[in-house]
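The sequence and structure come first.

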There are 4 protein chains.
Amino acid sequence: MLEFPEKIIPQGTIEKVTDEENTMISFESDYTTGAHPAILKKLMETNLEPAPGYGSDRFTQQAIEKIRRACECPDAQVYLAAGGTQTNQLVISAMLRSYEGVVAAETGHVSAHEAGAIEYSGHKVLTVPGHMGKMDAGELKAFLEGFYADGNHEHMVFPGMVYISFPTEYGSLYSRKELEELHGICADYGIPLYIDGARLSYGLTSSQTDVTMADIAGLSDVFYIGGTKVGALCGEAIVFTKGNMPEHFLTMAKQRGALLAKGRLLGIQFDVLFTDDLYLENGRHANRQKDKMVAVLKRAGLPFYYESPTNQQFVILENERLKEIEKEVAVSFWEAYDEHHTVVRLAASWSTTEEDLEILEQILTKK
Amino acid sequence: MLEFPEKIIPQGTIEKVTDEENTMISFESDYTTGAHPAILKKLMETNLEPAPGYGSDRFTQQAIEKIRRACECPDAQVYLAAGGTQTNQLVISAMLRSYEGVVAAETGHVSAHEAGAIEYSGHKVLTVPGHMGKMDAGELKAFLEGFYADGNHEHMVFPGMVYISFPTEYGSLYSRKELEELHGICADYGIPLYIDGARLSYGLTSSQTDVTMADIAGLSDVFYIGGTKVGALCGEAIVFTKGNMPEHFLTMAKQRGALLAKGRLLGIQFDVLFTDDLYLENGRHANRQKDKMVAVLKRAGLPFYYESPTNQQFVILENERLKEIEKEVAVSFWEAYDEHHTVVRLAASWSTTEEDLEILEQILTKK
Amino acid sequence: MLEFPEKIIPQGTIEKVTDEENTMISFESDYTTGAHPAILKKLMETNLEPAPGYGSDRFTQQAIEKIRRACECPDAQVYLAAGGTQTNQLVISAMLRSYEGVVAAETGHVSAHEAGAIEYSGHKVLTVPGHMGKMDAGELKAFLEGFYADGNHEHMVFPGMVYISFPTEYGSLYSRKELEELHGICADYGIPLYIDGARLSYGLTSSQTDVTMADIAGLSDVFYIGGTKVGALCGEAIVFTKGNMPEHFLTMAKQRGALLAKGRLLGIQFDVLFTDDLYLENGRHANRQKDKMVAVLKRAGLPFYYESPTNQQFVILENERLKEIEKEVAVSFWEAYDEHHTVVRLAASWSTTEEDLEILEQILTKK
Amino acid sequence: MLEFPEKIIPQGTIEKVTDEENTMISFESDYTTGAHPAILKKLMETNLEPAPGYGSDRFTQQAIEKIRRACECPDAQVYLAAGGTQTNQLVISAMLRSYEGVVAAETGHVSAHEAGAIEYSGHKVLTVPGHMGKMDAGELKAFLEGFYADGNHEHMVFPGMVYISFPTEYGSLYSRKELEELHGICADYGIPLYIDGARLSYGLTSSQTDVTMADIAGLSDVFYIGGTKVGALCGEAIVFTKGNMPEHFLTMAKQRGALLAKGRLLGIQFDVLFTDDLYLENGRHANRQKDKMVAVLKRAGLPFYYESPTNQQFVILENERLKEIEKEVAVSFWEAYDEHHTVVRLAASWSTTEEDLEILEQILTKK
């Protein structure tokens, strides 16, 4: 299978790692495992084929073409970056003018959990309330109206873009109507709507959505298709949907450290993800496993903090019990609920197996 | 071989890519192919093992331990980043104070070919002459002396770090004595010496070097071990050698978009590269192939612009001939030599095969 | 009086300005008029004395010495800058590390009204609620505790400084006890407390304060003494109270465009303001005039939105009446109160005259 | 003369400063003294007239109108800033796109002596050789051609603006023909030509120039009229000549700390400088005094390093003699000439008197 010429393999064996394999199951996040095997397979098959650098390889070109088709947006301009924070920093700083900031929900990833990456690029994150992660169209409109009504607005940061995530950081979803409203408000103010799709697949394949990939493309000015959390080793595909990719975007990416020399690594992964519908198939699998996980959690009698329509679920655990559970399954601390309880996140993913779910149920229903 | 559970593979076949495989050989650079097969093998073997994110996985910890041993620097602090420009931007901006710049040769990568990534982070690149890519210790000393002698230096950018590359962008090498001199000057001025080791392996395994990995660690304050150009899919290992990693470096990396969620991707690769001496073995292979490549180039009668001691070689070609040759082998434009001639770079790498060299000779000696 | 040698005055007359002098009174702000006449007098007296540039002149040195005495902080390190936003940007960006942000009330000037100057320097403004402009010590403590309790805080902006204003943007004041609490919390977390004293004099001379200039110095790590709003043409004096001025602060100021060539302009003004207690005397005058202004507003029956202890007052006006009033006196729009009413700010200042107050009363009580 | 109401002057006397008046003459620079007396006179006359803030006062509007007339550019867009480095940082960062840098001579102020202010704003200063401060049109053209000829230019900083100074930092001047050439090259490449006129008056009134204020406006895209070095307390007038002021420039100025609350300070000064030709008259005076100063230096037998056509002159002094001379007259260290000699700058200015020159001659010809 490994068709690499023997002569340049220095030795046959990989040193035995001294620490042991982790055998504990994990519902900690959707990025705990490696890549979908189809990706690894393609990486191996193409491994020794020479390709030019920086995204000019044929795999990247192929991936872009397939993404255009999947978005039903034949003229989309696509750029592949390595990670989510990098992508948000690049897109936002490249599109905003110096005096503009980006409007986000208070709980938006760019606002709360990117270590100030947007501010590092010189721009303020302007916040509106978050409702289980979602921005309310009426509140956005009021914010924008209020800004321009303020006589001092020339001394303030101009709202230059709106950022939402689909699904949100809480796993919640906008309906098509809600996206239309948000997009309409942005259009009225002449500012782009940017959709962070770190977990896009999990949203588009939810049983509770009426939104399609084409809707995302049509109702945004720029969005990204998250690979890292949907079965890639790394990688996010930025899609400019209105011929609005900023000039010399590649140079701006380079300047921000967001241009991989071996662009093939990203190209091959997205080529595979957008072949035979794998990207959405990964989401469908995760949502099926999520349904089963919700059933497990309910059978175990755990109260829900938020039962989301996508792969992340939030339950409330007594602190003592959490400590016990964590010895056998990795979960994610979300926030303190009260002195004695914690909100915990469990995520299903493209790689969640039946066995994982069975073990989870055993752990939760023990004694 | 692919041990991924059947049930979550959505389909058995990868869509046939419509464009054809590239069968033309390439000496364009040392990052045209994928990864050393031992890396792909390990990626597959560990693929479904859950691991926590952001570099806290066991693979990364293992890699760090092995790097410490290879550097003979048991207390080294190591951080794995994805690419070279990202690494340079991160290290330099994290270590400099606001009023400081980094001193580099005019031809240094940070000065010339990173799209202003250092300036984007707010810092000036202060330049001294480059001599086939190398900085002269005397000229560095004169620069630093001159700075402090200038009565106006409080109105100027303070030299806060010295950047060199090993090998340089031209493939040239500093001797141990030269590194000692540079490091001594930096110590005298209380500023760190940073060594960009994008191609470190190719330098350390050159037949013309007296420098070891331990020397690099001992004679620098921070350096990085390049993975991308030495057989990784991506990845550079930043090594702080004097207990001098800036506090909260991970947060600064996150802030600059330089923290991968799946740190395992980097951890696994460096774990493999530092197992059984693979990192240096890759360099030895490349230098062996380089020797053969030089012989081919000489037999073909091509005049050398610079015959370097490492994997990159620079020859002068008539523009007409270059056009012909490029139809059959990818090489890299370096710079115009004169109106009718071009300096061309050819690079051997960890993946250069005997067959590549044979085809190259056929192409160059045709007719 | 003008002792400038005749021979280099090119002509005797200033061209008559064609537009007319503004004769309408103004309570719009405390920076509508020029400088205290003692400042202009000194500027004239010293006009032709040569002085070295960039703050190394004797006036600046003199001013610094006098400020140290006024603060009862003999080792204070003082830097004179030109304006408030510039000062905030300089102090905050020079003191924070890359991964840190500044904590401010939502209504803090740095948060709301500086066009993103802090973010432009790469740092986030982290907000806590404002209570008529004031930060609550308990809420600050909870914010800091919450930050470090969050397991993800390495992915978030670290709180690296606390910013408050005295008086606040609403004219409210912290008591000495409140300052002690805030300063104590900052000390517990090892982060500096920075007090924006754009209107410091108006706070220190309020009849409702128990805080002195020495308290401000003692209970902060850095603060600034506002000149622009207290009778200078421009200028703010930054005071580092704990030997904590960042190294090469002058170079950082230069780098941010905050170093005037003719430092004498700032030195002379602060020399005068800190001679014979003029700085506080200006505040006392303003507060006396404020008391009279409040009486006028009350006699006119205007409801107060907030009756502050300092020179700024906030009343609610019907929109129709506001339009009428604005024809005769300049006031400042603060915010919409409801559909039919507006919150209006009136400010007394060092230059408010009895005549101004009489005219104001006439205008407000007309008909 | 001081018409300020007695009642708010806290005391009649200014405290006697304890340190003594500096009575030593100075040729150190053209910013050692205060302001032209006509400016101080106008500041006093208008002192208590209320004016709105941030440049919306009538003085600023008047100044702008007069500057437009002086430039013969009726549609010029003018913004008044406080200092030179601030102005350069603001103009350059506001006009460049993220991926662009500014091209300057190596000795250009933005390149060498602004503490990295341009880099702090995220942009590289790209350098071409300086010839006594001047940029050569042929070398600029070659630089730009070379950039676009480089196959890797997408990985490099794009030249987005050309910066020159008139006069240069060495006092040298471009002829009208040279400006036409530079402007033509910029036009060919679609990038603006920016002229730093910190000492504009001294250039336009040189006996050796054929360039007028209208030429500067016509042959640049943006320039600034230096006030600080030509008789203002502070202030530089930025002039956009082609309707090309970036949108929301005031907000960008605020964001960079470059917006004074009391815009009147700048407005009044430029109103006066552009009344009755005072701005150029100041230059004429300085150049007349410069001629006399050159004669003094020649009679004293001092060898010239560079005899410039404007107010700055550069002579070579033995180090021992320099030490003696500096006890009686302030001059400016420029650079070391050799081990035993120093290049010294002497500057005449708008305020240089006959007496200054007489004393200088006495000092230089002593014994």
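In this predicted model, helix H1 (residues 37-45) of chain A passes helix H11 (residues 264-273) of chain A in a right-handed crossing. H1(A) and H11(A) pack at an angle of about 130°, with their axes 9 Å apart, and the two helices are therefore oblique to each other. On the side of H1(A) the contact is made by A:Ala38, A:Ile39, A:Lys42 and A:Leu43, and on the side of H11(A) by A:Ile268, A:Gln269 and A:Val272. Sorted by class, the contact of H1(A) with H11(A) has five nonpolar residues, one polar residue and one charged residue.

H11(A) also packs with helix H2 (residues 58-71) of chain A, here at an angle of about 40° and with the axes 7 Å apart. The crossing in which H2(A) passes H11(A) is left-handed. H2(A) gives A:Phe59, A:Thr60, A:Gln62, A:Ala63, A:Lys66 and A:Ile67 to this contact, while H11(A) gives A:Arg264, A:Leu266, A:Gly267, A:Ile268, A:Phe270 and A:Asp271. By class, the contact of H2(A) with H11(A) has six nonpolar, three polar and three charged residues. The two helix pairs are set out in the table.

| Helix pair | Angle | Axes apart |
|---|---|---|
| H1(A) and H11(A) | about 130° | 9 Å |
| H2(A) and H11(A) | about 40° | 7 Å |

Strands come next. Chain A holds an open sheet of four strands in the order S9-S10-S13-S12, with antiparallel pairing. Its edge strands, each of which pairs on one side only, are strand S9 (304-306) and strand S12 (332-338) of chain A, and the twist averages 35° from one strand to the next. S12(A) is joined by five bridges to strand S13 (residues 341-347) of chain A, and these two strands run antiparallel; A:Ala336 stands opposite A:Thr342 in S13(A). Helix H12 (residues 278-299) of chain A packs on this sheet, where it touches strand S10 (312-318) and S13 of chain A, and the direction of H12(A) makes about 15° with that of S10(A).

Chain C provides an open sheet of seven strands in the order S2-S8-S7-S6-S5-S3-S4, with mixed pairing. The edges are strand S2 (77-81) and strand S4 (125-128) of chain C, each pairing on one side only, and in this sheet the twist averages 25° from one strand to the next. Within the sheet, strand S5 (residues 158-165) and strand S6 (residues 193-197) of chain C pair in the parallel sense over four bridges, and C:Val162 has C:Leu193 in S6(C) as its bridge partner.

How many residues of chain D are in contact with chain C? There are 76 residues of chain D in contact with 76 residues of chain C. Among the elements that give two or more residues to the side of chain D that touches chain C are helix H2 (58-71), helix H11 (264-273) and helix H12 (278-299) of chain D, while the largest share, seven residues, comes from H1(D). The residues on this side of chain D divide into 36 nonpolar, 25 polar and 15 charged.

The same surface serves both copies, since 99% of the contact residues of chain D recur in chain C.

Notes
Residues numbered from 1 in each chain as written. Chains lettered and ligands numbered in written order. Predicted model: local features only at pLDDT ≥ 70, side-chain atom pairs only at ≥ 80, totals over all residues. Pairing = 2+ DSSP bridges. Axes fitted to C-alpha atoms, helices over the stretch in contact; angles between N-to-C directions. Contact = placed C-beta atoms within 7 Å. Parallel < 35°, antiparallel > 145°, perpendicular 65-115°, else oblique. Left-handed = near helix turned anticlockwise from the far one by under 90°. Nonpolar A, V, L, I, M, F, W, Y, C, P; charged D, E, K, R; others polar.
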